[in-house]
Amino acid sequence: MYNTYTKFILFFSLSLFMCTSYSVQAQDQLSSQNRKALRYYQKGNTAMGNRDFVQAISYAERAIRIDERFTEAYIMIAESYSFTRDCEKSCVYFEKAIASNPDFSYKLYYFAANEFMRCGNFEKAVSNFEEYFRRFPSNISEIPIVVRENYELCLYRLQLMDDSLPINPINMGPRVNSAYAEYLPSLTVDESKIVFTVRRKADDLTVCLNCLTEEDMYYSEQVDGIWQDRKPFELNTHYNEGGQSISSDGKYLIFTACERDEGYGSCDLYWSKRIGDAWSKPRNFGKPVNTQYWESQPTFSADGKNIIFVSNRPGGLGGMDLWSTQMIEEGVFSTPVNLGIPVNTMKNEDYPFLHPNGKTLYFSSEGHKGMGGKDIFYSELLPDNTWSEPVNLGYPINTYADEMSLVVNAKGDKAFYSSDRAGGYGKDDLYWFNLPETLRPQSVTYMKGRIFDAKDNTPLEAFFHVVDLKTGNVVVSSSSDVKTGEFLICIPTSSSYALHAQRRNYLFYSENFELKDVYTDIEPYVKDIFLKRIELGESVVLNNIFFDTDKSDLKPESEIELKNILQLLMDNPRMRIEISGHTDNIGSKEHNLALSQARAKAVFDYLVNKGIKANRMDYKGYGFSVPIASNESDEGRTQNRRTEFKIIGF
């Protein structure tokens, strides 16, 4: 699992060469001349050749008890511990070997440096590298590149540690964690539910040949700030399920299932939809997303359309790469695209998490420069839809061990991840910590509520989308629950947005949001929406028609709303409407009447120019004669400055 494994193999072969080169020397060339000590040493050397490292250590220790300055015996113990991956003891004995004879060999400092580096003691690694450089017998330019790279990497890691931020991961407690391994968390945008993977002991029902463990999905709900007792997810089977991601609105779940009969490869991606309080039967993503290779660890974008996942399929840059697919329509996915450089490397990238802002991607990597093992990085989506150079989250979030499966809440101030650090309840536990301001992504707030029929309050399934008024881009596209009418959508806190909700045989609903500030403590919008049936006399306030002050020229941001009116009239070719303009009471009656008339005509002219027959529409200005709020406040006057349309015939 460690990216240091490759370095370990290199170290393994080099040190074996070193051990062999000394052991084959004549006995009078070894640092000890004590015959009894030498006999133990030779027995230890035979044990090393047989890969019996416990016996090798035992013989070398006997040799040292006889001759405490027997340098090669110390090296034998150090190498034996290195082979068994006990780097702490290996470091101790490399230091003892050097202490027994500092001039024994300049190479000894290099091997000690590598072992300290593998064990995460970068300060001692740097010290030994520098002593190796000082004692190097040839021109310093002849030092191998890999040695210089490892030295510079240790300096970089020391700098990360010097720049460390105060972070105190807090265990999520026994209601969430257990004696088993908990990892790969995913979080709803309102932080009401956390879903995670549990690796427990396999039982008689586990469908996995020779598997000792089984993976299942669990969830915990937060009530009054307290995470409740975890419960198994209803989609679990006796196969392995995990590596899940829940959409921001809690409506869709995508997850990984392995070795299923209908699968395409070892592990495939599946999706399920929440309908009321139940989840639909999971469906395989199918081709072209799933292949004969390994697909896993998906993450949703906030709009529910973009899915980033991990695969070792051909066409990537390394072993495991991050790939992206688009959900074109429910259950239909585009051909996956490799995220490419600079995110992916020739080594492994995995455990992606795309923040609800849709721009900040967190992932684990063995290929980018870091503390060692798997480190967590983030990359930002740039305006040209490429990804920025990944940034290491730094120490102590990252250590020389493996760090992975980090998720960040919508506010951007709290992170969750798994760790096997000491003091937990079992193997990997789930922890949370406050994210330093320098590492926080652009925050996201959310709007939630229900959609009803305006007449009888029946919950409705309605489709809606949120558009950035600055760019015209759709940032969220989803629908309310078919049974409850509930919805929840993410809204980045940096722009102005238009919300449009619509349903067949109903008039559309529009809403406008101004979110230009960056909030540190975001309160969500909670709003119920009432849709009006398409009936004679019904009207709609066009909240996303914009004019400059005291002018009647349509602003570009109005295009989105105008297209909605156009589509409504095209879908209902017999419908006739009146477009009306309204103002506040600032200014004269005559002036406001003329202004409101001109604004209504601007909308009329747009629709005529787009092909709607003029005899299907009337337009009229009412000035301030039909207020819908008090003109005594700024808020009321804002509501009164509006454009509407009303159905006047069929």
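Keep in mind that the model is predicted.

Start with the largest nonpolar core. It holds 53 residues. Phe-129 and Tyr-132 have the most contacts inside it. Helices H2 (35–49) through to H8 (145–162) are the elements that give two or more residues to this core, including H6 (106–118) and H7 (122–135).

Look at Tyr-132. Beyond its neighbours within four places in sequence, it contacts Tyr-106, Lys-107, Tyr-109, Tyr-110, Ile-143, Pro-144 and Val-147. Tyr-132 also belongs to a cluster linked by ring pairs, with Phe-129, Tyr-106 and Tyr-151 among the members.

There is a second, separate core, of 26 residues. Trp-227, Leu-393, Leu-406 and Tyr-431 are included.

Now strand E21, residues 404–408. Is it enclosed or open? Five of its five residues are buried, so the rest of the structure largely encloses it. E21 pairs with strand E22 (residues 414–419), antiparallel, over three bridges. Val-407 faces Phe-416 in E22. The two strands make a hairpin, with five residues between them. In the turn, Gly-412 has a positive phi of about 85 degrees.

Phe-285 and Phe-333 are stacked, 4.0 Å centre to centre, with 10 degrees between the planes. Both are buried. Tyr-417 and Phe-433 are edge-to-face, at 5.5 Å and 85 degrees. Tyr-417 sits in E22 and Phe-433 in strand E23 (residues 429–434), so this pair ties together parts 16 residues apart in sequence.

Last, charges over rings. Lys-96 has its charged end over Tyr-93, 4.8 Å from the ring centre. Lys-369 lies over the face of Tyr-156, at 4.5 Å.

Technical notes
Residues are numbered from 1 along each chain as its sequence is written. This is a predicted model: local features need pLDDT of at least 70, side-chain atom pairs count only at pLDDT 80 or more; totals for chains, interfaces and linings use all residues. Side-chain values use heavy atoms; hydrogens and water are left out. A nonpolar core is a set of buried Ala, Val, Leu, Ile, Met, Phe, Trp, Tyr and Cys residues joined through side-chain atoms within 4.5 Å. Buried means under 20% relative accessible area, exposed over 50%, partly exposed in between (1.4 Å probe, protein chains only). Helices (H or I, at least four residues) and strands (E, at least two) are DSSP runs, numbered from the N terminus. Contact means heavy atoms within 4.5 Å. Two strands pair if DSSP finds at least two bridges between them. Rings of Phe, Tyr and Trp (its six-membered ring) pair if their centres lie within 6.5 Å; planes under 30 degrees apart count as stacked, over 60 as edge-to-face and the rest as tilted. A charge sits over a ring if NZ of Lys or CZ of Arg is within 6 Å of the ring centre and within 35 degrees of the ring normal.
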